[in-house]
Amino acid sequence: MANHTYRPPDPDHMVETDLGPIAVQDPHRGRGGLALVLWPSIFTDRHIYDAILPHLSDDLRVICVDGPGHGQSLGVARPFSMGDCAASLAQVLDACGLTRAIVGGTSWGGLVAAEFGLRHPDRAAAVLMLNTPLGIGNDGPRALTRFIAFGARWLTGFRFFRDGISKAFFLPETLPAAPVYHDQFHAMLRRAPGAALGAAVRSVLLHTDPLAPRLGGLAPPALILAGERDTGYPAAEAQVAAQALPRGQFRALPTSHISVVDAPEATAQVIRDFLAETGLTPAG
């Protein structure tokens, strides 16, 4: 099924950041109104958001980025913090002419968005944490986590490793039903610069400060969305953590770890409902 000649479309522009050039897709650049900036998970790029964009772009200028070491963002071959990622996200907003935006992301992207909201509450109109590992860093990493973190440097060229990531991230029926994204997922990981990809994955899995104890300081309106079939990060734990949010909502969908790919329309509806209830977009 895999198409080994797949090449991603060029980003609309590249933004120089402290974590290297970030690829930015901004198809509605120049549009007025509120913007939504989305950062993806580790082992994925901005294409995880392709299927939800048509369901969000009527009311929002949706901007999607590739995280450092992923997609067309070359990254850096050194460890970094979520604070470093939040600073790079601020540089993306600056380059896009945005003083304020809704910031969000999936897994790693949710960690970055929350960190941005904690550090720049005046610039975050709202924070979307989709399938975000809120307790990561609380305990020492499991052996499997260490294997994934260090395998990212050397093993993405091997089909067994990519298939293992796929099984952890998506429902078993998702990628067979989405051959275009199936090709994108495998092709991106085959092409990824090993040193930078490995540094990014290790930074997220092994060197992240726990987010859950800090959620009480997150001032902007915040949404936590979890997957009911996410075996790595149980929805029940996310629901408990969400209770600490000053202005938060919790929602769950019958998905695995990447809800925007498993259930794009339902995920977009949850986001639209949250933003309408928060008064950031029109209802309906």
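Student: In this predicted model, is Phe-185 buried or exposed?

Tutor: The relative accessible area of Phe-185 is 2%. A residue counts as buried when that value is under 20%. Phe-185 is therefore classed as buried.

Student: What kind of aromatic pair do Phe-170 and Phe-185 form?

Tutor: Two rings are described by the distance of their centres and the angle of their planes. The centres of Phe-170 and Phe-185 lie 5.5 Å apart, and their planes meet at 85°. Planes over 60 degrees apart count as edge-to-face, so the pair of Phe-170 and Phe-185 is edge-to-face.

Student: Where in the chain does each member of the pair Phe-170 and Phe-185 lie, and how many residues apart are they?

Tutor: Phe-170 belongs to the loop between H4 and helix H5 (179-191), whereas Phe-185 lies in helix H5. The pair thus links distant parts of the chain, and the separation is 15 residues.

Student: How many aromatic pairs does a search of the whole structure find, and what is the angle between the planes of Phe-43 and Phe-161?

Tutor: The search of the whole structure finds 10 aromatic pairs. Phe-43 and Phe-161 form an edge-to-face pair, with 6.0 Å from centre to centre. The angle between their planes is 65°.

Definitions and conventions: Residues numbered from 1 in each chain as written. Predicted model: local features only at pLDDT ≥ 70, side-chain atom pairs only at ≥ 80, totals over all residues. Heavy atoms only, no water. Phe/Tyr/Trp six-rings, centres within 6.5 Å; stacked < 30°, edge-to-face > 60°. Helix = DSSP H or I, 4+ residues; strand = E, 2+ residues; numbered from the N terminus. Buried < 20%, exposed > 50% of the residue type's maximum accessible area, 1.4 Å probe, protein only.
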